[in-house]
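Hi there,

Here is the structure I promised to pass on to you. Have a look at it first, and then read on for what turned up.

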Amino acid sequence: MTVAPKVGLEQDERWADRGDGEVLSTERERSRDDPPAEVPQACWLDGDAVWLRIEGLDHAHPVALLGAMGAWIEPDYRTSFPFGSVAGVRLHLRGAEIGPLPALVVLQSMGLRGPLVGLSFQEVPARAAGQIRDALRALVDAGAARAAAASLFRPSASEAGQVREIIDDPRRVRDILSVLLRKKGVVRRAAEGAPSMCVMLGEVDAGSVRWFGAEGWSESAAVEIAGHSSVFRFNIRAERVRPGEVVSALPVRVERVRQSLQQRGVEVELTARFLHPHWLHLPPVEAEVVDVSFSSLRLALGAGQPPLESRLKLALELPDGDDGVIHLKGEVRSVDAGEGASAALCAARVVAAKREDERRWLRLVSRILHATTYGGTAWQVEFWDLFASSGYFNLSGRRPEHFESIKPSFMKMAQRAAAAPHLLHNVTCLSEHGIEGNFSVMKPYHGTWMFHQLAKRPKSASNLSSRQVLRDIFTRCCEYALADPECRWVIVYAEAHVAWNERSFFDFARRHEATGRVLALPFRLMGVDAPPLPPPADGPFEIGEATAAEQAALLGQLCATSPRMFTEALDLVPGRLALGPCVERWRSAGLDRERAVLVARQGGEPMAAAVVELGELGTNLFRLLDSVRLFPLRPGGDAALGPLLDAACGWFLRHDRTSFIHFGERGRLTYAGPASLNDLGEGRLWIIARELIPEFVEHVYRLTEPKPPKR
C-alpha cells in the first residue's frame, strides 16, 4: 500500500488510446453518443500509412511524424531538398489527398544517427487542418499511429499560472540563496541597452554574496536564478569587483515565482549545437545551456553568432552525459538582448526529434533538474534495507517476514524497469550515505500514473533534511508523470491514518474539492489468500465471464454510483474496460497485465460483477495490481459477492497467483468462504487531474519548507 511510513516521513509505442470501444470479449463500433477519441497534436506513424510529395521533387516519401503543424520525413540520401525555402506539399493517405500546403523545408537533425527533414506548414486552411485531425484519429483507431512523447505546440511552463511570493526575512533570504549555490543566473543590468549576463552564485556569507563569471559588473542589477521549482528574482549592487568575480550585499528581499515544470539552472557545463536555418553554410552554432526543463531550455549565445528570432525552428544536438548525442527539435520563443549587445539569451521550446532520443532526453533533464534524486534501477539491495528501516514493512498490520516471498520478484522488477521507463520508474533520493528515500511510479491504465512505495529513512547522517528528501522525490515523480502527454490522472492508494498522508494528500483534496479535479475515496483494504484448490462452484449463482450487455450494465451502474474521476482514472469506462492498448503495452515490454469481468447470474439475470486485474509480480510489494473489486448490479446482489470472491480465487490460481487484494470501496466485505481474508485497514484512493498537479507540487513545497534556524 502506498504510504509514507509512520516513523517519518520511463514503450510499447502505442501511446494513444485507439478509442475503438472494445469490450472484454466483443468489439463494437463506436456509437454516436460515444465521446470522440482525443487526437494528439502529433503522431509517430507506422510504415507507409501516409505519404508526402514535395512539388518539384520526383519521389514521394513516407511520413514518420505528422501533426497539424507539419510533417517529418526520413531523407533518402538521393534527394536534394530545398532547405530554407517554402514548397508546396501534398499528403496522401487511404486514397485521399490533402493539399497543396505551403511548408518551410527545414533541417531537423544533423544526422549523427539519422536526420529528419521537417516540413513546417506555414498556413493551414481550416478544412485541411480538420482533414489532418480526422486522418490522425483514423490512424490511431487503426493502431497505425502513436502520440509523440511531447509537442512543440503544447503550452509551455511560462504560459501556465504562476504563484508569486515576496520574501524579506533576512534568514529566509540567506537560506534561499544557499539552496541556489552553484546554479547559473541571468543578470539584467540597470544601464539602458546593457546586455544580459550569465553568472553563477558561488558563495553565501552572513551578509554578502559572491558571484563568479561576471566581468565589468559595477552597477545595480536584477538577478534571476531558476531554483528547484521556482524562479527567484532579486536586486543587488556590486560592492567589490575582481576579475571574474563580484561580491554584493545580501539582497533585501527575494521574489519567488513558482510554476509547473519550471526551468531550473544547469550546474554543469552543457553546450547545445545547431545549424542556423538561415545560414546552413556556416559551421554549427554552439551555445551554453543556462537552464532547462522537460519541454524547454534557455541558451546563452556568444558574440558574433548569427541572430535568432522568435518562432524560428531549430534542430539541436546536446551531449547526453553517456558519450551519446540527443537530437531535439526546437522553436525559439524569445530572444533577450539589449540594444548593441554582443550576446543574447534565447528561450526555446524543445522536443525529442526521434523516438530513441526521448529516453535520453528524459534521463538528461532528470539528472539536471533533480540533483539529489536518481531515476533508475540501481541500488536494488539498498531498496530492501530502506523499506525495512523506514517501517514500510509494518504498514497495514503487515510484518517484514510477509514480504520475503515476493522479494525475488521485486528485485527482478527493479532491474527490468529500466527497459520500460514509460511504464515503471523508481525515484530515489541519494546522499553520500546511500539511499535516503524512494517513491515509485507506474502507468497501470491508459492515462493514469500511480505513485506508490513511498519510503524514507527516519534518520540520516547526511546533510539532507527529511523535508528536502520528501520535496525532491515528490517533485520528480510529479514532473515525470507530467512529461507523458497522455497523462490525465495521478492516483495514490494511501493509508488513512498516516500523518504525512493527512497533511499532503487528504488536506489538499479537501481544499480543492470544489474544483472537481481531486478526490480522496475511502476504501477498506483486504488481503485475500486463495485456498490451494479452487472453491466449488455449487450454489444458487451461475458465474462466468461477462457478456457485452453485462459489461454495459456494469459500466452504467458505475456511472450512476461512482465519481467520474474514479471510473475515468481506472479505465472503468466504455472503450477502455478491456485495458486493450494498456495490456498490449505491458505485454510488449514482457510484463503481465490483464483484466477480466466475472458476473454472478441468478435465473439468467446478472446480480453482481467482479472486476479482476493482474499485473507483473513484483511491481508493488502489496500486490496492488493483483486485485478484485466487487459491485452489486441490482437489489439482492450483495448475496453474490462471496461466490464472486471464490470465483476470483479460481481466476488468480489459474494465473499462478495465490494471493491478491480486495478494494472495498463499499466498506468491509462479509465473507464466510474457504479463502483467508486479512483486514489491512482503511485507506483512501487519492486521484488528481493533470491540471491540478502543479498546484499539488506547490502544496508539498509549502509543507517541506526548511525549518527556520534556532536562535
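How many residues does helix α8 have, and how far does α8 reach from its first C-alpha to its last? Before the reply, two notes. This is a predicted model, in which local features need pLDDT of at least 70 and side-chain atom pairs count only at pLDDT 80 or more, while totals for chains, interfaces and linings use all residues. Residues are numbered from 1 along each chain as its sequence is written, and side-chain values use heavy atoms, with hydrogens and water left out.

Helix α8 (residues 548-561) has 14 residues and reaches 20 Å, close to the 20 Å expected at 1.5 Å a residue. That expected span is 1.5 Å times one less than the number of residues. Helices (H or I, at least four residues) and strands (E, at least two) are DSSP runs, numbered from the N terminus.

Now look at which way the residues of α8 point. Glu550, Gln551, Leu554, Leu555 and Leu558 are buried (under 20% relative accessible area; exposed is over 50% and partly exposed is in between, with a 1.4 Å probe and protein chains only). Seen down the axis of α8, these buried residues fall within an arc of 140°, so they line one face of the helix. The arc is that of the directions from the helix axis to the C-beta atoms. On the other side of α8, Ala549, Cys559 and Ala560 are exposed.

Next, the cores. A nonpolar core is a set of buried Ala, Val, Leu, Ile, Met, Phe, Trp, Tyr and Cys residues joined through side-chain atoms within 4.5 Å. The largest one has 62 residues, and Leu297, Trp361, Phe474 and Trp686 have the most contacts inside it. Helix α6 (residues 466-482) gives the most to this core, with nine residues. A second, separate core of 60 residues includes Leu555, one of the buried residues of α8.

Strand β26 (residues 434-445) pairs with β27 in the antiparallel sense over six bridges (strands pair if DSSP finds at least two bridges between them), and the two form a hairpin with two residues between them. On pairing with strand β28 (residues 489-495), β27 runs in the parallel sense, over three bridges.

Enjoy exploring!
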